[in-house]
Amino acid sequence: MAEPAPVPEPAHPVPPAAPPAEPPIVPPTVPFVPAYGVASLADLPGSMLASLGVPTTTNTLGLNPAERVCLFLVDGLGAELLSAHPGAAPFLSAHLRRTLTAGFPSSTPTSLATIGTGVPPGEHGMVGIQMAVPGEGRLFNCLRWTAPGLSIDPDVWQPAETVYERLAAMGIDPVYVAPSAFDGTGLTRAVYRGMRYRPADTVDERIQGVRQALRETSFVTVYYGDLDAAGHTTGWGSAQWLEKLAVVDRMAERIAEALPPGSALYVTADHGMINAVDKVDVDQRPELREGVALVGGDARARHLYTAPGAAAAALETWSEALRGRAWVVTREEAADAGWFGRGVRREWLDRIGDVMAVPYGDCVIVASQAEPLESSLTGYHGSLTAAEQNVPLMEIRR
């Protein structure tokens with residue numbers, strides 16, 4: 001998820017892109033299951049509220065007390081990606097506190113819902129970018145909030161109380177500073193209900209918006225998405241990506257300079273990223289479509305919704321075709337393994353594919369005809385690898 005706003009040149013010179021910054025990818029033998037309840041994005045909201053003194057909240061992450069909190073959410077800033085390029089982000093690198101896990105799938109709408117509600121995907125129900133609408137036989141894209149012929153109510157699709165609704169009920173006016181293009185969208189409504197939206201398209205406008213909001217309230221969130229966009233189009237570690245990383249670093253420094261006394265700035269991300277080399281195209285592999293009614297999810301976390309009675313055959317076909325390239329499991333196996341949290345609410349089970357295919361290494365599962373844009377990208381995320389799951393948590397206090 002990334003906004004179209006223009007971004008000024010970084011204030012600090014950007015080191016030239018070094019030849020291959022990323023180490024060779026070694027395929028993992030087991031999924032990197034998110035650390036829900038210990039060190040995940042689901043544990044961050046409650047910990048921030050506890051640091052503000054909000055009662056009945058659990059400070060799982062042990063954050064120190066603060067009078068005001070600002071959360072800087074950087075789309076696509078994986079912890080391993082940042083560690084590979086400390087010279088492009090000296091300020092952030094100097095303030096790295098710890099690493100959290102994003103959750104599954106490690107995608108923007110899922111992580112935004114996790115941060116917005118403080119519960120894992122199995123609780124809030126945003127279990128993929130493209131999910132089947134139960135009983136309709138159609139896919140719903142929750143990033144774009146579109147479903148052919150259907151109207152999806154954000155309050156119904158994601159009914160969990162948000163952190164912002166809770167704050168508003170206590171008389172605290174939470175503010176969200178983000179591009180104007182996202183104001184009023186279905187995804188925004190689903191994950192940010194209860195906040196006051198402050199549109200800000202440029203970097204300077206966002207810095208100013210944060211400064212103003214911190215004078216008015218004790219809880220502010222600011223979003224930046226151009227780093228993720230650069231990673232998708234040119235790959236993480238590219239010259240374009242490094243330029244955006246330098247912009248992020250300077251933004252964090254400027255926000256920190258604007259913090260009122262007694263405030264805390266937390267910088268984190270919704271997911272990391274990998275650069276794809278091996279692309280499996282389901283639209284060029286008829287055997288992978290056999291018995292599969294809908295191919296949902298995304299290139300690193302595919303939901304396969306099968307025809308009645310075809311799940312076992314699809315599981316066998318996909319397992320053989322992707323041996324050594326992806327974890328292929330049933331819905332029940334994914335839920336029981338804790339991929340979506342300690343459990344999945346019964347009403348959300350049908351949103352998960354009968355079979356899930358989750359690539360590792362540098363493999364992605366694309367659909368060149370159904371998803372031509374998404375199939376042409378360089379950077380991807382969504383899977384259960386450390387590069388995609390690990391996100392940094394920086395703490396800067398005033």
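**Helix packing, sheet and burial**

Modeller: In helix α9, V203, D204, R206, I207, V210 and R211 meet V247, M251, R254 and I255 of helix α11, where contact means heavy atoms within 4.5 Å. The model is predicted, so local features need pLDDT of at least 70 and side-chain atom pairs count only at pLDDT 80 or more, while totals for chains, interfaces and linings use all residues. Residues are numbered from 1 along each chain as its sequence is written, and side-chain values use heavy atoms, with hydrogens and water left out.

Biologist: What makes α9 roughly parallel to α11?

Modeller: The axes of α9 (residues 203–216) and α11 (residues 239–257) cross at roughly 25° and come within 10 Å. Axes are lines fitted to C-alpha atoms, for helices over the stretch in contact, and angles run from 0 to 180 degrees between N-to-C directions. Angles under 35 degrees count as roughly parallel, over 145 as roughly antiparallel, 65 to 115 as roughly perpendicular and the rest as oblique. The pair is therefore called roughly parallel.

Biologist: Which strands does α9 lie across?

Modeller: Helix α9 lies across β1 (68–74), β5, β6 and β7, and runs at about 170° to β7.

Biologist: What makes β2 and β6 edge strands?

Modeller: Seven strands form an open sheet of mixed pairing, in the order β2-β17-β8-β1-β7-β5-β6. Two strands pair if DSSP finds at least two bridges between them. Strands β2 (96–101) and β6 (196–199) each pair on one side only. Inside the sheet, three bridges join β5 (residues 175–178) to β7 (residues 219–224), and these two run parallel. V177 stands opposite V222 in β7.

Biologist: Why is A311 called partly exposed?

Modeller: Buried means under 20% relative accessible area, exposed over 50%, and partly exposed in between (1.4 Å probe, protein chains only). A311 has a relative accessible area of 28%, and is therefore partly exposed. The residue belongs to helix α13 (residues 311–321). Helices (H or I, at least four residues) and strands (E, at least two) are DSSP runs, numbered from the N terminus.

Biologist: Which residues of helix α10 are buried?

Modeller: In α10 (residues 226–234), the buried residues are D226, L227, D228, A230, G231 and H232. Their cover includes β1, β7, α11 and β16 (379–380).
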